[in-house]
Amino acid sequence: MAQGQLIALGATLDLLPVTTPSAAKAELQQAAATFERATRSRITADRDSARVLRRSVQAIWRDPGTAGDGSRPAMLLDAALTAVAFAIHWHRKHQHAQQEAAAQQALLHL
């Protein structure tokens, strides 16, 4: 299940630079690029769990109540921080040293 969610999270991180002020774009782009390495695994991704996460992100993205007040990128960033911390733990537990290191680097950029 987690592998599919990691892939969906990677796609979510790609959205963050689009939703944020230009001052933060470079760091968020670097976080997305770095995290992409954390999504690589020999474990088969569960597409259903990835789909659920994507729907949640789309709900945040489309919520008219968060259109211009800055809360949309803040909510996505908050979710991303939590999910990247989970990714670090998950990769550590499964002894994926390279992916764990990539997730830690992404966390620094976030």
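Leaving aside neighbours within four places in sequence, with which residues is L16 in contact? Select L16 to begin: contacts (heavy atoms within 4.5 Å) link L16 to L28, P73, L76, L77, A80 and L110.

The model is predicted, so local features need pLDDT of at least 70 and side-chain atom pairs count only at pLDDT 80 or more, while totals for chains, interfaces and linings use all residues. Residues are numbered from 1 along each chain as its sequence is written, and side-chain values use heavy atoms, with hydrogens and water left out.

Next, colour by secondary structure. Five helices and zero strands are present, in the order α-α-α-α-α from the N terminus. Helices are DSSP runs of H or I with at least four residues, and strands are runs of E with at least two, numbered from the N terminus.

Now display the largest nonpolar core, which has 17 residues. Such a core is a set of buried Ala, Val, Leu, Ile, Met, Phe, Trp, Tyr and Cys residues joined through side-chain atoms within 4.5 Å. L9, L13, L16, F35, V84 and A103 have the most contacts inside it. Two or more residues each come from α1 (2-19), α2 (22-38), α4 (71-93) and α5 (97-109); α4 gives the most, with six.

Stay on helix α4 and select H91. H91 counts as buried because its relative accessibility is 0%; buried means under 20% relative accessible area, exposed over 50% and partly exposed in between (1.4 Å probe, protein chains only). Beyond residues up to four places away in sequence, H91 touches L6, A38, H96, Q99 and E100.

Finally, view the whole protein: of its 110 residues, 36% count as buried.
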